[in-house]
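Reader: Could you take me through the terms used for this structure, and tell me how each one is decided?

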Amino acid sequence: MKDFTLDFDLKGDNYIVVVQPHESMGIEHYKAVLDEDHSIDYLVQINGYLQPNADYAADPQLVNAIATRILQVVHVEDRGHGFTSYP
């Protein structure tokens, strides 16, 4: 899967987040880049959930919002349809 961009509003703030999918040693994970200094890594669990690991004290609502949108993109793309506004 290629990098993709999430564009959404949360609590009155507009977020544009670049997501970089990676796989290492058979384990999938996604790096959500918020800006040059902040990112959140999400490890894909066996049950399909994403376990976040933020490099800073991120807002839990933001962490959950990004995870939800990553799962939407991944599941829609698995079915052959695009979802993001920036492919």
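Author: We can start with a pair of strands: β1 and β2 run antiparallel and are joined by seven bridges. This is a predicted model, in which local features need pLDDT of at least 70 and side-chain atom pairs count only at pLDDT 80 or more, while totals for chains, interfaces and linings use all residues. Residues are numbered from 1 along each chain as its sequence is written, and side-chain values use heavy atoms, with hydrogens and water left out.

Reader: What makes β1 and β2 a pair, with seven bridges between them?

Author: Two strands pair if DSSP finds at least two bridges between them, a strand being a DSSP run of E with at least two residues, numbered from the N terminus. Seven bridges join β1 to β2, so the two strands pair by this definition. As one example of a bridge, Leu 6 has Val 17 in β2 as its partner.

Reader: Why is Lys 11 called exposed?

Author: Exposed means over 50% relative accessible area and buried under 20%, with partly exposed in between (1.4 Å probe, protein chains only). Lys 11 has 56%, and is therefore exposed. Lys 11 lies in the loop between β1 (4-10) and β2 (13-24), and in this hairpin, with two residues between the strands, Lys 11 takes a positive phi near 50°.

Reader: What makes Met 25 exposed?

Author: The relative accessible area of Met 25 is 83%, so Met 25 is exposed. Met 25 is found in the loop between β2 and β3 (27-35), and its phi is near 55°, a positive value in a residue other than glycine.

Reader: Why is β1 described as largely enclosed?

Author: Five of the seven residues of β1 are buried, so β1 is largely enclosed by the rest of the structure.

Key: Helices (H or I, at least four residues) and strands (E, at least two) are DSSP runs, numbered from the N terminus.
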